[in-house]
Amino acid sequence: MSPQETHHVRQAAGDVLEGILRSLPVSVSEKRFQAAVRRYATELGYTVFCVYDSRRSPEGLPDIILAHRRRRLMLMAELKSEKGRLSPAQTVAIATLRAAGVSVSVWRPSMVEEIIARLREGEMPGQMVQSK
């Protein structure tokens with residue numbers, strides 16, 4: 001397969017995964033939401049690092065770390081269900097990482113268009129959400 005054909009196949013696969021991400025209901029579980037974001041980011045060329053068992057990770061560490069070698073881009077995201085809240089430790093960790101210059105967001109299912117834009121074009125979705 002030529003490089004151009006490979007590009008077209010990857011583009012088609014990315015479009016399919018983008019459609020799946022867009023079709024997720026706002027009420028989707030955090031686990032299913034994370035799986036969809038991971039698959040989409042991987043298809044776009046990101047290396048994806050995830051926290052599989054938060055009990056064995058530093059408290060507050062965001063759920064997903066995405067690195068794109070070609071774009072020289074690294075970002076972190078805490079994925080929450082639509083009604084999910086940040087824990088105090090997550091709020092502190094996100095603020096600390098941002099203060100250190102790390103790109104960190106809180107992503108929710110209702111933010112799919114912003115997430116797609118960020119992963120495709122470099123825009124930053126996600127607002128700091130205070131825990132209650």
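Is E78 buried or exposed in this structure? E78 is buried, with a relative accessible area of 1%; here buried means under 20% relative accessible area, exposed over 50% and partly exposed in between, with a 1.4 Å probe and protein chains only.

## Basis of the description

This is a predicted model, in which local features need pLDDT of at least 70 and side-chain atom pairs count only at pLDDT 80 or more, while totals for chains, interfaces and linings use all residues. Residues are numbered from 1 along each chain as its sequence is written, and side-chain values use heavy atoms, with hydrogens and water left out.

An open sheet is formed by 4 strands in the order 1-2-3-4, with mixed pairing. Its edge strands are strand 1 (47-50) and strand 4, each of which pairs on one side only. On average, neighbouring strands of the sheet are turned by 25° against each other, direction ignored. Helices (H or I, at least four residues) and strands (E, at least two) are DSSP runs, numbered from the N terminus, and two strands pair if DSSP finds at least two bridges between them. Strands of a sheet pair through backbone hydrogen bonds, either parallel or antiparallel.

Strand 2 and strand 3 are joined in the antiparallel sense over 5 bridges, and I65 stands opposite M76 in strand 3. Strand 3 and strand 4 pair in the parallel sense, over 5 bridges, with A77 opposite S105 in strand 4. Between strand 3 and strand 4 the chain passes through helix 3 (residues 88-99), giving a right-handed β-α-β crossover; right-handed means that, with the strands pointing away from the viewer, the path from the first strand over the helix to the second runs clockwise.

Strand 4 (residues 103-107) has 5 of its 5 residues buried, so it is largely enclosed by the rest of the structure. Both of its faces are covered: S103, S105 and W107 are buried on one side, and V104 and V106 are buried on the other.

Helix 4 lies across strand 2, strand 3 and strand 4 and runs at about 155° to strand 4. Axes are lines fitted to C-alpha atoms, for helices over the stretch in contact, and angles run from 0 to 180 degrees between N-to-C directions.

## Nonpolar cores

The largest nonpolar core has 24 residues, of which L21, F33, L66, W107 and L119 touch the most other members. Helix 1, helix 2 (30-43), strand 2, strand 3 (73-79) and helix 4 each supply at least two residues of this core, and helix 2 gives the most, with 5 residues. A nonpolar core is a set of buried Ala, Val, Leu, Ile, Met, Phe, Trp, Tyr and Cys residues joined through side-chain atoms within 4.5 Å.

Leaving aside neighbours within four places in sequence, L21 is in contact (heavy atoms within 4.5 Å) with A36, V37, Y40, V112 and I116. A second, separate core of 5 residues includes M76, L86, I94 and V104.

## Salt bridges

The whole structure holds 4 salt bridges, each defined as a side-chain nitrogen of Lys or Arg within 4 Å of a carboxyl oxygen of Asp or Glu. One of them joins the side chains of E18 and R22 (2.5 Å, N to O). Both residues lie in helix 1 (residues 3-23), 4 residues apart, about one turn of the helix. E18 counts as buried at 11% relative accessibility, whereas R22 counts as partly exposed at 40%.

R22 also meets E113 in a salt bridge (2.6 Å, N to O). E113 lies in helix 4 (residues 112-121) and R22 in helix 1, so this pair ties together parts that are 91 residues apart in sequence. At 45% relative accessibility, E113 counts as partly exposed. In another salt bridge, the closest N and O atoms of K80 and E78 are 3.8 Å apart, and K80 counts as buried at 9% relative accessibility. Salt bridges that share partners join E18, R22, E113 and R120 into one network.

H68 is found in strand 2 (residues 64-68) and counts as buried at 3% relative accessibility. Apart from its neighbours within four places in sequence, H68 is in contact with L44, G45, Y46 and L73.

T42 belongs to helix 2 and counts as partly exposed at 44% relative accessibility. The C-alpha atoms of T42 and H68 are separated by 9.4 Å, the two residues being 26 residues apart along the chain.
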